Amino acid sequence: MGELEGKKHVQYIVSVEKKKDSFEALVIEHLRLNGAYWGLTTLDLLNEIEAVKPDEIVQWIMQCQDIGSGGFGGNVGHDPHLLYTLSAVQVLALLNRLDVLDIDKVSDYVAGLQNEDGSFSGDMWGEVDTRFSYIAICCLSLLGQLSKINVESTVNYIVSCKNLDGGFGSIPGGESHAGQIFCCVGTLAITGSLHHVDRDLLGWWLCERQCKDGGLNGRPEKLADVCYSWWVLSSLVMIDRVHWIDKEKLTRFILNCQDKENGGISDRPDNAVDVYHTYFGVAGLSLLEYPGIKSIDPAYALPVDVVNRIFFSK
């Protein structure tokens with residue numbers, strides 16, 4: 001088994017930020033705030049957050065805020081959406097700069113997107129998805145503003161998305177998918193509602209996601225992908241069934257997806273690397289307790305020390 005090329009991954013992430021006119025930068029322009037979260041959290045997990053200038057990042061993040069609604073867009077001048085609002089809150093939490101936010105303004109934006117059935121829309125256009133339920137709960141919890149929504153109806157909506165195989169879909173009746181399962185289990189974990197999960201049944205479904213090459217896929221009959229090292233593993237940790245998979249084979253799969261010359265991690269061996277898979281590869285290794293990587297919280301998707309600072313330093 002090879003070793004994690006931590007220094008090269010740090011160099012790769014920093015270089016991506018500097019290449020603003022590259023193809024990779026252009027194709028993720030609309031979700032650059034998500035990219036900032038992926039890259040900066042990776043740096044922090046690798047104990048290298050000092051590689052960036054926090055004041056510049058905070059200034060740019062605040063430029064992404066829609067003053068009228070209080071929500072954040074994926075880049076400066078883009079429309080606000082829950083997806084980018086959570087990334088903004090997470091990055092500011094990472095940098096210990098939540099003080100720059102108008103907490104009421106941001107939390108009112110998030111709370112205002114809850115629907116009567118307990119679900120959440122992603123933005124003013126009304127798309128409903130369990131991803132948005134997780135984002136709202138995670139965001140409001142980090143801001144200490146869960147009282148602004150009907151948490152009970154949120155939990156009931158998540159439970160209505162549970163399937164006979166123990167998994168969860170994007171809406172009631174939707175196919176079980178590892179990404180949606182993370183969102184639903186994460187929501188239930190943050191709200192203290194994990195008693196709604198059939199841990200053995202869901203644990204079995206999640207463990208069945210491990211392929212012969214050691215990697216994890218998102219649903220049956222799909223290829224393994226490094227990003228599911230996070231989506232599947234985090235859920236298994238939250239329901240206390242992570243010991244049901246072969247951790248050594250998964251670790252080997254993630255390490256084999258590294259670009260050992262230029263840094264970065266890809267979806268599977270020998271493919272092109274990107275910041276998204278680099279983050280989820282490192283986050284997966286954190287959950288696997290790989291040496292030299294900080295511990296990550298499986299529900300909040302932030303380093304444990306950051307989460308502890310938010311909830312225990314008040």
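In this predicted model, Arg-131 is partly exposed, with a relative accessible area of 29%. Its side chain meets that of Asp-129 in a salt bridge, at 3.3 Å from N to O.

Take Lys-294 and Asp-44, whose closest N and O atoms are 3.0 Å apart. Lys-294 sits in the loop between α13 and α14 (304-312), while Asp-44 belongs to helix α3 (residues 32-45), so this pair ties together parts that are 250 residues apart in sequence. Both Lys-294 and Asp-44 are buried. Another salt bridge brings together the side chains of Asp-108 and Lys-148, at 2.8 Å from N to O. This pair also links distant parts of the chain, with Asp-108 in helix α6 (residues 103-111) and Lys-148 in the loop between α7 (130-142) and α8 (151-160), 40 residues apart. Here both partners are partly exposed: the relative accessible area is 45% for Asp-108 and 29% for Lys-148.

Helix α13 deserves a look of its own. It runs over residues 275-287, and its 13 residues reach 18 Å from the first C-alpha to the last, close to the 18 Å expected at 1.5 Å a residue. At the start of α13, Asp-274 points a side-chain oxygen to within 3.1 Å of the backbone nitrogen of Tyr-276. Most of this helix is covered, with 12 of its 13 residues buried; among them are Val-275, His-277, Tyr-279, Phe-280 and Leu-287. After α13 comes Glu-289, which has a positive phi, near 60 degrees.

Zooming out, the protein has 14 helices and 2 strands. Its radius of gyration is 19 Å, close to the 20 Å that the globule rule gives for 314 residues, so the protein is as compact as a globular protein of that length. The C-alpha trace spans about 50 × 45 × 35 Å along its principal axes. Of the 314 residues, 57% are buried. When contacts between residues at least 6 apart in sequence are considered, 67% join residues at least 24 apart.

Note on methods. Residues are numbered from 1 along each chain as its sequence is written. This is a predicted model: local features need pLDDT of at least 70, side-chain atom pairs count only at pLDDT 80 or more; totals for chains, interfaces and linings use all residues. Side-chain values use heavy atoms; hydrogens and water are left out. Helices (H or I, at least four residues) and strands (E, at least two) are DSSP runs, numbered from the N terminus. The expected span of a helix is 1.5 Å times one less than its number of residues. Buried means under 20% relative accessible area, exposed over 50%, partly exposed in between (1.4 Å probe, protein chains only). A polar contact is a pair of N or O atoms within 3.5 Å; within protein, one must be able to donate a hydrogen and the other to accept it, and residues adjacent in sequence count only if both atoms are side-chain atoms. The radius of gyration is taken over C-alpha atoms; the globule rule is 2.2 Å times the number of residues to the power 0.38. Contact means heavy atoms within 4.5 Å. A salt bridge is a side-chain nitrogen of Lys or Arg within 4 Å of a carboxyl oxygen of Asp or Glu.
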